[in-house]
Amino acid sequence: MEKDRIILGIDPGTNIMGFGIIACKGKKLNVITFGSKGFGRKDSQLLKLNEIFTTTLNLIDTYLPDELAIEAPFFGKNIQSMLKLGRAQGVAMAAALYRRVEVYEYSPRKIKQSITGNGNASKEQVAAMLASLLSVPVPENLDASDGLAAAVCHSYQNNSAQARNKTKNGWMSFIRDNPERVL
């Protein structure tokens, strides 16, 4: 039986960070809070990264999540944007690890697939589905629903251990992981 847990979901960004926090009691999900934090114009990128770290620590210290689900950077054509996004993700993950919160990473496609059934869904479709599933209003800022979607995606995973970056490499790994299913 799966224990009750609190999940913090983060959609990292250097201008806006979306977040959502849910409580999971068995298969029942309750939204604790969700929103976004804008970082505005700073003198340097390092100041923004510090603010992302501090914001993540504050969320963890306030809501005491057991796990962090974070959206992985997507592959784009703009290398500078990817680098900045990777740094934002890294400092959010570092804040969670600093507080000994387990970290799980999901691709944007995986999150969309988990929420809507379509890995190519729009941000608006994800927000509308979350509003319907969780009985919450659609947020004005879609980064907030993206953070909430990361948390919900993680909660849908059957087993937290399987949600880690674990890959299956054919029949040998299946046999090793499922000895009771082999005749």
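**Close-up 1. Lys 37 and its salt bridge with Glu 51.** In this predicted model, Lys 37 is partly exposed, its relative accessible area being 30%. The side chain of Lys 37 meets that of Glu 51 in a salt bridge, with a distance of 3.4 Å from N to O. Because Lys 37 belongs to strand E3 (residues 28-38) and Glu 51 to helix H1 (residues 45-63), this pair ties together parts that are 14 residues apart in sequence.

**Close-up 2. The salt bridge between Asp 61 and Arg 99.** The side chains of these two residues, Asp 61 and Arg 99, form a salt bridge in which N and O are 2.7 Å apart. Asp 61 lies in helix H1, whereas Arg 99 is found in the loop between helix H2 (79-98) and strand E5 (102-106), and the pair therefore ties together parts that are 38 residues apart in sequence. Asp 61 counts as partly exposed, with a relative accessibility of 39%, and Arg 99 is likewise partly exposed, with a relative accessible area of 33%.

**Close-up 3. The salt bridge between Glu 67 and Arg 5.** Here a salt bridge joins Glu 67 to Arg 5, and the closest N and O atoms of the pair are 2.7 Å apart. Since Glu 67 is part of strand E4 (residues 67-71) and Arg 5 is part of strand E1 (residues 5-11), the contact ties together parts that are 62 residues apart in sequence. Both Glu 67 and Arg 5 are buried.

**Close-up 4. Salt bridges in the whole structure.** A search of the whole predicted structure finds 4 salt bridges, among them the pair Glu 67 and Arg 5 and the pair Asp 61 and Arg 99.

Note on methods
Residues are numbered from 1 along each chain as its sequence is written. This is a predicted model: local features need pLDDT of at least 70, side-chain atom pairs count only at pLDDT 80 or more; totals for chains, interfaces and linings use all residues. Side-chain values use heavy atoms; hydrogens and water are left out. Helices (H or I, at least four residues) and strands (E, at least two) are DSSP runs, numbered from the N terminus. Buried means under 20% relative accessible area, exposed over 50%, partly exposed in between (1.4 Å probe, protein chains only).
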